[in-house]
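Here is a short briefing for a reader who is new to this structure. Look over the sequence and the model, then read on by topic.

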Amino acid sequence: KGPIGLQVHAGVHQKMVFRNLEITELVAAKPAEASKPNVVIIYGDDVGYADLGCYGAEKIPTPNLDKLAAEGVRFTDAHCAAATCTPSRYSLLTGEMAFRKEGTGILAGNAKMAIAPEQFTLADTFQAGGYHTGVIGKWHLGLGDGKTPIDFNGEVKPGPLEIGFDYCFMLPSTNDRVPCVYLENHHIVNLDPEDPITVSYGKRIPDDVPGTKYPDGRDNPEAMTYYMNSHGHNQTVINGIGRIGMMKGGKSALWDDETMADVLVEKTGEFIARNKEKPFFLFFCSQDIHVPRTPHPRFRGKSDLSYRGDAMVQLDWTTGAIMEALEENGIADNTIVIFSSDNGPVYDDGYQDGTTVKTSSEEVDRGHDGSGPYRGGKYQIYEGGTRVPLIIRWPQGIEPGVSDALVTQVDFLKSFANHLEVEVPADAARDSRDYLDAFLGKDEQGAEVILEQAKSVAIRQGPWKFFTGEAVQFRPKGQKANPKEKTDEGQLFNVEKDLMEQNDLTEAESEKAAELRALLKKYRQS
Ligand code: NG6
Ligand code: CA
């Protein structure tokens, strides 16, 4: 039984009935109680462990994030579920590791929704707990049912509203993929019906209506005036930036890359003001610092790096602006604010944006290493791929501090569900466990084991880490594979003593290796 007398354990049917109950009315007049703090997740994109000052960055000023950390718990061994975006977000929202489900790899901009409407999600958890729920920013989890093509000119669904969110304002996919327009609830914002959108991944779109097609970087590289691509990203050119995928039409609806952070912050301010009287859950997904990095001109030159560092300064500003909105509405102290990232850092991810890269497996930008002392980054099974910043601030419920507890975002769902006394359907969220005490800084231990996904899957247990197979999912042009990065026998590292995962201990610690091999196999098959 939930706190307001509702049960949500019998799957689809009950869930639908539950959704039809118009939960917003039930709780509308009730301000958030201590037992029901608002929850805001500020989710960075490709933000590495050491891209924040409070995690060691020296070339990127992040005063707002540092303040958040000083007032909350800063985690040193927190993980996203996967080393790329779609699987990581899938796992956070469903409490299930993405390797268990097809169609959860990096998705195209017209891919079908990775989460099925009948799946129970983190958003459902909050709805069932009497919260109003919203998602603002980058989505990248697909849209539509896959049976009929997504109709970007009509009702775009199923989408977030069909999996537990009451409101959405978002980029349908990513900032480097078409369509380059905002979606609010079921409709593209500012779309002129006389200029419909066509989207294609694969086949070129015929240029049959004069004036509706954008340049294609493959025919007109000179159109890529913002900066050139380095790999991929040379199809439709919008705002001088080459994108992945083809699009025509929708001119009046196009986003402006440099004001994206401002737009998302504005929408967030409105969401917070609208919902300040009721408990709410907001999943705020910044496009920063994913490519193309296009910080507003007021942030240019504000880091000692280039676009990448400046985009991080913009994300820090965004965080400060969201905190300010909570303050202005008088709810900052009873809001759990969570800052984290969907995967580790990457430097050249497809554009020549001035991020300097040393072509080895350990990349750095002008001496700035976004994964700090850890090995690797985005696309990689090494710690840099999934060990990300995690800061949780909640003045009414958390003592500030630093925690070395081992935690993973896949555990958010059950942790909040138990806190809100929401029953999760038996077959849902099977990788999620209740570690709320660890998230609130009250348990220094955290999880006994966690899984980390890249191309393969790794298991972490205390200082130990074991994985088999290919360690690196994608290498930028010019980066050679190191034969040691692929092993069928598996590799065992002690990530506390050997932060750079250099000394494979499968032989020296053969018992531990055998134990973890068996445990990993069990998890993968369960
Ligand atoms: C890759 C893109 C990369 C980025 C990534 C997804 C190329 C060559 N590379 O396929 O630029 O978009 O997908 O990033 O196109 S993520 O953070 O959303 O997972
Ligand atoms: Ca990402």
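**Lys36 and its surroundings**

Leaving aside its neighbours within four places in sequence, Lys36 touches Gly129, Gly130 and Pro279; two residues are in contact if their C-beta atoms, placed from the backbone, lie within 7 Å. This is a predicted model: local features need pLDDT of at least 70, side-chain atom pairs count only at pLDDT 80 or more, and totals for chains, interfaces and linings use all residues. Residues are numbered from 1 along each chain as its sequence is written, while chains are lettered from A and ligands numbered from 1 in the order in which they are written.

- Lys36 sits in the loop between α2 (23–27) and β1. Helices (H or I, at least four residues) and strands (E, at least two) are DSSP runs, numbered from the N terminus.
- Is Lys36 buried or exposed? Lys36 is buried, with 22 other C-beta atoms within 10 Å. A residue is buried if 20 or more other C-beta atoms lie within 10 Å of its own, exposed if 12 or fewer, and partly exposed in between; C-beta atoms are placed from the backbone.
- His419 is 383 residues from Lys36 in sequence, yet their C-alpha atoms are 8.8 Å apart in space.

**The whole chain**

- The protein chain has 11 helices and 18 strands.
- Its radius of gyration is 22 Å, close to the 24 Å that the globule rule gives for 526 residues, so the protein chain is as compact as a globular protein of that length. The radius is taken over C-alpha atoms, and the rule is 2.2 Å times the number of residues to the power 0.38.
- The C-alpha trace spans about 65 × 60 × 45 Å along its principal axes.
- Of the 526 residues in the protein chain, 55% are buried.
- Among contacts with a separation of 6 or more, 70% join residues 24 or more positions apart.

**The ten-stranded sheet**

- An open sheet of 10 strands runs in the order β6-β5-β4-β3-β11-β1-β12-β13-β2-β14, with mixed pairing. Two strands pair if DSSP finds at least two bridges between them.
- β6 (187–188) and β14 stand at the edges, each with a single partner strand, so one side of each has no neighbour in the sheet.
- Strand β2 (residues 73–79) has six of its seven residues buried, so the rest of the structure largely encloses it.
- β2 pairs with strand β13 (residues 390–393) in the antiparallel sense, over three bridges. There, Val73 has Ile392 as its bridge partner.
- β2 also pairs with strand β14 (residues 401–408), in the parallel sense and over six bridges. Ala78 stands opposite Val407 in this pairing.
- Strand β3 (residues 132–138) and strand β11 (residues 280–285) run parallel, joined by six bridges. Gly137 faces Cys285 across that pair.
- Helix α7 (residues 307–328) packs on the sheet and touches β1 (38–44), β11 and β12; its direction makes about 170° with that of β1. Axes are lines fitted to C-alpha atoms, for helices over the stretch in contact, and angles run from 0 to 180 degrees between N-to-C directions.
- Helix α3 (residues 63–71) lies across β2, β12 (335–341) and β13, at about 60° to β13.

**The four-stranded sheet**

- Which strands form the antiparallel open sheet, and in what order? The order is β15-β16-β17-β18.
- β15 and β18 (486–494) stand at the edges with a single partner strand each, so one side of each is left without a neighbour in the sheet.
- Neighbouring strands of this sheet are turned by 15° against each other on average, direction ignored.
- Helix α11 (residues 510–525) packs on the sheet, touching β15, β16, β17 and β18, and its direction makes about 120° with that of β16.
- Four of the five residues of strand β15 (residues 449–453) are buried, so β15 is largely enclosed by the rest of the structure.
- β15 and strand β16 (residues 457–461) run antiparallel, with five bridges between them. The two form a hairpin with three residues between them. Val449 has Gln461 as its bridge partner.
- Strand β17 (residues 464–470) and β18 run antiparallel, joined by six bridges. Glu470 is partnered by Lys486.

**Ligand 1**

- Ligand 1 has 17 residues around it, and Thr84, Cys85, Gly232, Asp349 and Gly350 come nearest. A residue counts as near if its C-beta atom, placed from the backbone, lies within 6 Å of the molecule.
- That shell divides into four nonpolar, nine polar and four charged residues. Ala, Val, Leu, Ile, Met, Phe, Trp, Tyr, Cys and Pro count as nonpolar, Asp, Glu, Lys and Arg as charged, and the others, Gly among them, as polar.
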